[in-house]
Amino acid sequence: MSKLDITKLPTVMRSNNWERGAQLMEKWFSDPSNSSPSNGIASTDIITMDWVLGFSRARQVYDTLIAERIWLNEAARREIVKLLKRKNALGSGKQRFLLPRMLQSMENEAIQFRVIGGNMDMLVGPMDDLRAALGNFTFRLVVAGTVEAEMTEKKVAAGPAPKVPTGNYLVTIEEVGIYVKDSYGNLSKLPNLQGLNAVTRDL
């Protein structure tokens, strides 16, 4: 088997109308080298949610997580409690927590995820721009809302009864944010393009 020159892959991708895959790979080639994808320069403009949801397998996962309201299941609730503790939001009053806007904050505050693709998809799934660009990836969820301590009156010998926290909290989720996360740079995730003809677009 002849060796594959990966620097030619963007040209191959473009010949098959896989423009986003080509752009991401060119970015990967041009960025400074590093020992871990987490140390790389994030791309926030090549891949958009509208584009991702144009592929039926991604849309199906997205629609299912919305229908199941996975930000309210038990796993999510445990992560929300951890998040509020990290934010020091479990006090004696009512506090608001916002959707994160910075990339690192989004990673630190994600409370649920769903995977699109997998080992079988990489082997036998459709070869298209989504696979060329992202392979398998995740939808990750962040939340915003309010948290309010449950209060009860404390019995005292005389005078008005002060209110003290019971240790329970009412959490109201007002917003849910969903973003796409993928780590680019794992060579084992590159699509198998050995048999791809850059001119005729045949597999």
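Let's start with contacts, meaning heavy atoms within 4.5 Å: of those in the protein chain between residues at least 6 apart in sequence, 69% join residues at least 24 apart. Bear in mind that this is a predicted model, where local features need pLDDT of at least 70, side-chain atom pairs count only at pLDDT 80 or more, and totals for chains, interfaces and linings use all residues. Residues are numbered from 1 along each chain as its sequence is written, and side-chain values use heavy atoms, with hydrogens and water left out.

The protein chain has eight helices and four strands, taken as DSSP runs (helices H or I, at least four residues; strands E, at least two) and numbered from the N terminus. Read from that end, the order is α-α-α-α-α-β-α-β-α-α-β-β.

Of the 203 residues, 34% are buried, that is, under 20% relative accessible area (1.4 Å probe, protein chains only). Now for the nonpolar cores: sets of buried Ala, Val, Leu, Ile, Met, Phe, Trp, Tyr and Cys residues joined through side-chain atoms within 4.5 Å. The largest has 29 residues, with Ile47, Val52, Leu130, Leu134, Phe137 and Phe139 making the most contacts inside it.

Leaving aside neighbours within four places in sequence, Phe137 touches residues including Val52, Ala58, Ile116, Leu130 and Val180 by the contact cut-off. There's also a second, separate core of seven residues, among them Met13, Trp18, Met25 and Met127.

Conventions: Buried < 20%, exposed > 50% of the residue type's maximum accessible area, 1.4 Å probe, protein only.
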